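This report describes one protein model for a reader who has not seen it before. Please look over the sequence and the structure below, then read on.

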Amino acid sequence: MRGEFPDFRLGSVLATSFTGTLSERHGDAVERIPTPHRLVDWLSVYGLAVDTCTIAQLGLARELREAIHAAATAAAIQDPLPAQAVRVINDRSAQGRAAAILTPEGERRWRLGSASRVEDALGVIAADAISIIAGERDGKLALCASPTCQAAFFDTSRSRTRRWCDMNTCGNRQKKARFIAKQGGKPGAAQ
């Protein structure tokens, strides 16, 4: 059953990876969390396991995703943050009940409330968004150079000049398009 859904695009930054659950925003959009169960799957991948998810909770998650995308996009281009997006992010952060815990390996993980509610997981994602948008982490917000994607991502490269949200998708697609254009528009010309 899981094979019928598009793969998750996983990154190392929780908040911007969450915005990546809707990709190709300026082309043929790909929804990677189309059902409540897929949201449960995605949260589990990021160590935010929840027991169940309702349609209403999926709606809250998508609302947060779009708020983070709007605020991160504004921050990346140094525009004022949209007031509605800030309100949604703050509300989700305040509504979550999660605690940061330290693992024996010295890593931070999140412990959700005993009921493992989706709202608790969304609170963690919102808190992560706040930390990157507020500039508290080493890196910078940027927008993917792909004209069909333009996803907000958190650039932690040494030079802070990364151009693609994901080199394996957007970056490779753009490189291939440039190569084909150089070959005179013929995909098989290099053989």
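Gln 150 sits in the loop that runs between β5 (140-143) and β6. The model is a predicted one. With a relative accessibility of 34%, Gln 150 counts as partly exposed, because the partly exposed class lies between the buried limit of under 20% and the exposed limit of over 50%. The phi angle of Gln 150 is near 55°, a positive value in a residue other than glycine. Most residues other than glycine have a negative phi. Arg 160 also has a positive phi, near 60°, and is placed in the loop between β6 and α6 (167-182).

Which residues of the largest nonpolar core touch the most other members? They are Phe 18, Leu 39, Leu 64 and Ile 125, in a core of 36 residues. The elements that each give two or more residues to this core are α1 (14-19), α2 (36-45), α3 (55-76), α4 (83-95), α5 (118-133) and β6 (152-155). The largest share, 9 residues, comes from α5. In soluble globular proteins, nonpolar side chains tend to be buried together.

Apart from residues up to four places away in sequence, Leu 39 touches Phe 18, Ile 33, Cys 53, Gln 57, Leu 58, Ala 61 and Val 118.

Another leucine, Leu 22, lies in strand β1 (residues 22-23). Leu 22 counts as buried because its relative accessibility is 16%, and the limit for buried is under 20%. Beyond its neighbours within four places in sequence, Leu 22 is in contact with Ala 29, Val 30, Glu 31, Arg 65 and Glu 66.

How many disulfides does the structure hold? The number is 0. A disulfide is a covalent bond between the sulfur atoms of two cysteines.

| Residue | Relative accessibility | Class |
|---|---|---|
| Leu 22 | 16% | buried |
| Gln 150 | 34% | partly exposed |

Technical notes
Residues are numbered from 1 along each chain as its sequence is written. This is a predicted model: local features need pLDDT of at least 70, side-chain atom pairs count only at pLDDT 80 or more; totals for chains, interfaces and linings use all residues. Side-chain values use heavy atoms; hydrogens and water are left out. Helices (H or I, at least four residues) and strands (E, at least two) are DSSP runs, numbered from the N terminus. Buried means under 20% relative accessible area, exposed over 50%, partly exposed in between (1.4 Å probe, protein chains only). Contact means heavy atoms within 4.5 Å. A nonpolar core is a set of buried Ala, Val, Leu, Ile, Met, Phe, Trp, Tyr and Cys residues joined through side-chain atoms within 4.5 Å. A disulfide is a pair of cysteine sulfur atoms within 2.5 Å.
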